[in-house]
Amino acid sequence: MCGRFVTTFDPEMIQRLFDLSDAPEIPERYNVTPTQPIYAVRMGQDGVRESAYLQWGLIPSWAKDMSMGARMINARSETVAEKPSFKAAFKRRRCIVPITGFYEWQKVSGGKQPHFIRSVDGEPLALAAIWEVWTKGEEAYIESCALLTTDANETLAPVHHRMPVILDPDVWDIWLDPALEKPSDVLPLLGPCPDEQIEAYPVSRY
């Protein structure tokens, strides 16, 4: 599960990291929530990586209205290739959502304790995501996305049993390549990240 995250990084660093033609506009945000626009990197029609701003919560192309997206913020990597809501996007429209870190809540006596999870080296986390286009005549054109999740690694397991899929730089080209349409081409990339890559610590409920 991933329902809140943080983006606080230098746009020029994102430009260099993802080999983009221009530095993207990414405002500092400390509590990004579902249904808000989020920054993503995807492959453009010219075969070059591009910036995109997608609504968080995937709206399937066949949905009658956009309200469905609020329930589609995450997609399980174990079933994403078969689920009707996600399989078309997983086949052809994959993207990466760079974040500084994300929040997860641990069940404790008296409620839930929020934790912040980030990389131990301070580098952005590159989350695997899929995107889709929803239209309604000439009234609406919305590009939306869902984050992929997997079983938690040993670092995060004490906090929560699921975690977002974090992609290493050496597999970004594979993940973003729209020519790789077979699930077997990309499903092996969707496991939990190494335990030592991330750290989790409690933060204020505020």
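## Salt bridges around Arg42

A salt bridge here is a side-chain nitrogen of Lys or Arg within 4 Å of a carboxyl oxygen of Asp or Glu. With that in hand, look at Arg42, Glu50 and Glu143, which are linked in a network of salt bridges. Keep in mind that this is a predicted model.

Arginine 42 and glutamate 50 join through their side chains, with 2.8 Å from N to O. Glutamate 50 is partly exposed, at 29% relative accessibility, while arginine 42 is buried, with a relative accessible area of 9%. The other link runs from arginine 42 to glutamate 143, at 3.1 Å from N to O. Arginine 42 sits in strand E3 (residues 37-43) and glutamate 143 in strand E10 (residues 140-151), so this pair ties together parts that are 101 residues apart in sequence. Both arginine 42 and glutamate 143 are buried.

Which residue does arginine 49 meet in a salt bridge? The partner is aspartate 173, and the N to O distance is 2.6 Å. This pair also links distant parts of the chain: arginine 49 is in strand E4 (residues 49-56) and aspartate 173 is in helix H3 (residues 172-176), 124 residues apart. Arginine 49 counts as buried because its relative accessibility is 14%, and the cut-off for buried is under 20%.

## Strand E3 and its neighbours

Back to E3, the strand that holds arginine 42. Five of its seven residues are buried, so E3 is largely enclosed by the rest of the structure.

E3 pairs with E4 in the antiparallel sense, over seven bridges. If you want a spot to look at, find alanine 40, which stands opposite alanine 52 in E4. The two strands make a hairpin with five residues between them, and in the turn glycine 47 has a positive phi of about 80 degrees. E3 is also joined to strand E6 (residues 94-99) by two bridges, again running antiparallel. There, valine 41 has isoleucine 96 of E6 as its bridge partner.

## A hairpin from E7 and E8

Now for another set of strands. E7 (residues 101-108) and E8 (residues 111-119) pair in the antiparallel sense over eight bridges. In this pairing, glutamate 104 stands opposite histidine 115 in E8. E7 and E8 form a hairpin too, with two residues between them, and glycine 110 in the turn has a positive phi of about 90 degrees.

E7 has a further partner in strand E1 (residues 5-7), with two bridges in the antiparallel sense. Valine 6 is the residue that stands opposite glycine 101 in E7.

Leaving aside residues up to four places away in sequence, its contacts include Phe90, Arg94, Ile96, Ile130, Leu148, Leu167 and Leu190.

## Cysteines without bonds

How many disulfides does the structure hold? The count is zero. For cysteine 2, the nearest cysteine sulfur is that of cysteine 145, 11 Å away. Cysteine 193 has its closest cysteine sulfur in cysteine 2, and at 12 Å that is too far for a bond. Cysteine 2 is buried, with a relative accessible area of 0%, and cysteine 193 counts as buried too, at 5% relative accessibility.

The side chain of asparagine 74 reaches the backbone nitrogen of cysteine 2 at 3.0 Å. Asparagine 74 lies in strand E5 (residues 74-76) and is itself buried, with a relative accessible area of 14%.

Methods: Residues are numbered from 1 along each chain as its sequence is written. This is a predicted model: local features need pLDDT of at least 70, side-chain atom pairs count only at pLDDT 80 or more; totals for chains, interfaces and linings use all residues. Side-chain values use heavy atoms; hydrogens and water are left out. Buried means under 20% relative accessible area, exposed over 50%, partly exposed in between (1.4 Å probe, protein chains only). Helices (H or I, at least four residues) and strands (E, at least two) are DSSP runs, numbered from the N terminus. Contact means heavy atoms within 4.5 Å. A disulfide is a pair of cysteine sulfur atoms within 2.5 Å. A polar contact is a pair of N or O atoms within 3.5 Å; within protein, one must be able to donate a hydrogen and the other to accept it, and residues adjacent in sequence count only if both atoms are side-chain atoms. Two strands pair if DSSP finds at least two bridges between them.
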